[in-house]
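Subject: Structure handover

Hello,

Please find the structure below, followed by notes on what was found in it.

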Amino acid sequence: MSASSAAFRPAAAMLGLSIREVSQALRDGRVSATELCRKCIDQIQRTHYLNAFITITGETAMEQAQSADNRIRTDNFCTENIETTCASNMLKGYVPPFSATVVQKLLDQGAVLVGKTNLDEFAMGAGSTDGVFGPVRNPWSYTTLYREQSTEDLDSDWAIAGGSSGGSAAAVASLSSFLALGSDTGGSTRNPGSLCGVVALKPTYGLLSRHGLIPLVNSMDVPGIMTRSVHDAATVLRILQGPDERDSTTVQAPSTPPSLPEHFDIRDICVGIPKEYHAPGLSTDTLAQWSRVAAMFEQAGARVQEVSLPHTQHSIVCYHVLCCCEVASNMARFDGLEYGHRSTVDSSTDAMYTTTRHEGFNNVVRRRILSGNYFLLKSNYERYFVKAQQMRRLIAEDFKNVFRSGIDVLLTPTTLSDAARYSDFIQEDNRTRSAQEDVFTQPVNMAGLPAVTVPTALSRRGLPISLQLIGQTLQDWKLLTVAHWMEQQVNFPLIHLHGDSNERKLDRSVRERTPTIGS
């Protein structure tokens, strides 16, 4: 599911807690589900300026809260009887008659859907700036540290949330929700998770059902999980994983313990550092964090060694070709006949098709459709699509070879730098920006591997920097175990929105009163 937005406020002190902590508070009677739900909704309304939500399902959420423990959100996952638009005019007014499998699994566990969040149109983008509801703002743009360094007006100097699932990341980071879902096709949860300072997990392909996820690239799409801690991500993964008869690509989940281990010997782990990920444009802050955390693993006794993924240099072009080809195929269903937008032009069927798609899709979507159809032409099929599939296999083999050599996880940057200012980000077109921002994330999708991004520190601008851990197929639990250890070492700070010092003190006092279960 996608996400929402929020910040520290006296009434929302509980919102900074983890899923484990707030579940314990609910069991102990220190807060009721309806009270907590109301706080989430109030927080969304207080931080409406982030533009993280498309729809707030207040009445439905309060009804669900009577027996709920947690909260969630989404807008390119189908939700029964709730409008689902993919931030596009094409699906304006579309109300699905069913819920996505991952949504339903959360609802069955007592989760409360407080809203549907903002994103790039049909999840095509790396900034959450190209949807019809406007751009999502990064909550860290409104922290004291960032504001004190800014000489510009609040309305002009704010950072992007990342994309395509930026609303989800902004929701979790700003404390409007305890978890959110987003689709991950080439990094669409890890990118905004990294820029907004939250944990973002892209599970192994097939471990989570795609039923009800409106498709972008079927062979790479994976429902992603965003939370404020690795332990919470593991909790959600346990709920969502496993076969689904409605999705033939799902697989049986490996047997896993009930929770992540409290004590883990990192000396048993070998960490690989891919030399090809020293990419042009990598910021000094990000490079410093990459080096620092690698040294942290080594000092703790883990084996750290440089590895090679030789076909990485071709991955972004390969990804672009395959993505556009599948987009062209998937977007063909939006023709104005069965559901979604339909043009009033009716001079001919062809005219209706053409104007429907012109009115319904933005330029980004239309360009990808055109590119995909070009690549799939009979005269181009072998030269583009087949070659890209061959390169995809070589990229996957690179990862297999590295893991066969004894590497347990790979440590890489997630993004080239911290979040760009919106005014700078929009100077380049969507295609260019996506190629830049997806460089570290999309190879994982082409190989079907699990990956998780964990925030490690704040940049000199006061914005989050995160690193990515990549694991082996269906070893998501091992990946999260290492990520949990890393998270404990880096001690990433809680968000503190500008002018909220009293609220932060209150939040800390609540934490002190809340028993910690495990980590």
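This is a predicted model: local features need pLDDT of at least 70, side-chain atom pairs count only at pLDDT 80 or more; totals for chains, interfaces and linings use all residues.

Residues are numbered from 1 along each chain as its sequence is written, and side-chain values use heavy atoms, with hydrogens and water left out.

A cavity here is a set of points, on a 1 Å grid over the protein atoms alone, where a 1.4 Å probe fits but cannot get out; lining residues have an atom within 4 Å of a point. Grid points are joined across faces, edges and corners, and a volume is the space filled by probe spheres set on the points. Two cavities of 30 Å³ or more are counted by this rule.

The lining of the second largest cavity consists of S194, T286, T415, S417, D418, P464, I465 and S466. By class, two of these residues are nonpolar, five polar and one charged (nonpolar: Ala, Val, Leu, Ile, Met, Phe, Trp, Tyr, Cys and Pro; charged: Asp, Glu, Lys and Arg; polar: the others, Gly among them). The largest cavity holds about 50 Å³ of space. Its lining divides into eight nonpolar, three polar and one charged residues, and includes F122, L213, D221 and M331.

Strand β11 (residues 464-470) gives the most to the lining of the second largest cavity, with three residues. Helices (H or I, at least four residues) and strands (E, at least two) are DSSP runs, numbered from the N terminus. Seven of the seven residues of β11 are buried (buried is under 20% relative accessible area, exposed over 50%, partly exposed in between, with a 1.4 Å probe and protein chains only). In a regular strand the side chains alternate between the two faces of the sheet. In β11, P464, S466, Q468 and I470 point one way, and I465, L467 and L469 the other.

β11 runs antiparallel to two strands, β9 (residues 409-413), with four bridges, and β10 (residues 451-458), with seven bridges. Strands are taken to pair if DSSP finds at least two bridges between them. P413 stands opposite L467, and A451 stands opposite I470. β10 and β11 form a hairpin with five residues between them, and G462 in the turn has a positive phi of about 85 degrees.

Which residue forms a salt bridge with R460? The partner is D285, with the closest N and O atoms 3.0 Å apart (a salt bridge is a side-chain nitrogen of Lys or Arg within 4 Å of a carboxyl oxygen of Asp or Glu). R460 lies in the loop between β10 and β11 and D285 in helix α9 (residues 284-299), so the pair ties together parts that are 175 residues apart in sequence. R460 is exposed, at 60% relative accessible area.

The structure holds 14 salt bridges. Among them is K400 with E397, at 3.7 Å from N to O. These two are three residues apart in helix α13 (residues 382-404), which means a separation of about one helical turn. Both are partly exposed, K400 at 43% and E397 at 29%.

R433 also bridges to E428, at 3.5 Å between the closest N and O atoms. R433 is buried at 13% relative accessibility, whereas E428 is partly exposed at 34%. E428, R433 and E437 are linked in a network of salt bridges.

Regards

Definitions and conventions. On a 1 Å grid over the protein atoms alone, a cavity is a set of points where a 1.4 Å probe fits but cannot get out, and a pocket is an open set with protein on both sides within 12 Å along at least five of seven lines; lining residues have an atom within 4 Å of a point.
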